[in-house]
Amino acid sequence: MRQLKPMLREIERKDMPQVRGKDTPELLKTLADNGIAYRRGEIAIDRLKPTQENGIRSKVDAIASSITQGERLHPIVVSKDGSILDGHHRWLAVKKVASDNGETGKIECIVIMLPKWDALRMFDKAAEEVS
C-alpha cells in the first residue's frame with residue numbers, strides 16, 4: 001500500500017487511490033468481503049469535501065459536457081464525513097453544471113462508513129485489489 005501523506009489536502013492526485021467505473025461492482029464486493037459497511041445514495045455537492053486540489057480543467061470540462069448531454073456518471077466514493085476519496089473530476093463537473101444552471105447539484109455516491117483517514121486507507125487497499 002502506498003504511503004498516504006498525513007495532511008488531507010497535501011495528497012497529490014497521482015497518489016490518490018482510483019477505481020475505474022466499470023470496476024465498481026468488484027470494489028463493492030471487496031469492501032463487503034473485508035467487512036466494511038457502505039451505502040449508496042445521492043448527496044448534495046456542497047456537503048462534500050475534496051481531498052485533493054489539483055484537478056485537470058480539461059477533464060472537468062469534458063465531463064461537464066457529457067453531463068449536459070445526458071450521460072450518467074459512475075458514483076464517486078466518499079467517507080462517512082463527506083471527504084471525496086475517488087471522483088474529484090466528476091464532483092467538480094457536477095458543481096460546474098449546477099452553477100452554470102443556477103442550481104444546487106447532487107451526485108451519486110458510494111459512502112464508505114468510516115471516518116476519512118480510515119476510509120482512505122481501506123479504499124486504497126480495495127483499489128489495489130481491484131486493479
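The side chains of Lys-96 and Asp-100 form a salt bridge at 3.2 Å, N to O. A salt bridge here is a side-chain nitrogen of Lys or Arg within 4 Å of a carboxyl oxygen of Asp or Glu. The model is predicted: local features need pLDDT of at least 70, side-chain atom pairs count only at pLDDT 80 or more, and totals for chains, interfaces and linings use all residues. Residues are numbered from 1 along each chain as its sequence is written, and side-chain values use heavy atoms, without hydrogens and water.

Lys-96 and Asp-100 lie four residues apart in helix 3 (residues 88-100), so about one helical turn separates them. Helices (H or I, at least four residues) and strands (E, at least two) are DSSP runs, numbered from the N terminus. Lys-96 is partly exposed at 28% relative accessibility. Asp-100 is exposed at 55%. Buried means under 20% relative accessible area, exposed over 50%, and partly exposed in between (1.4 Å probe, protein chains only).

The whole structure holds six salt bridges. One of them joins Glu-108 and Arg-40 (4.0 Å, N to O). Glu-108 belongs to strand 4 and Arg-40 to strand 1 (residues 38-44), so this pair ties together parts 68 residues apart in sequence. Arg-40 is partly exposed, with a relative accessible area of 44%.

Asp-86 and Arg-90 also meet in a salt bridge (3.6 Å, N to O). Asp-86 is buried, at 8% relative accessible area. Arg-90 is buried too, at 15%. Asp-86 is among the residues that Phe-123 touches, as are Val-19, Leu-27 and Ile-112. Contact means heavy atoms within 4.5 Å, and residues up to four places away in sequence are not counted for Phe-123.
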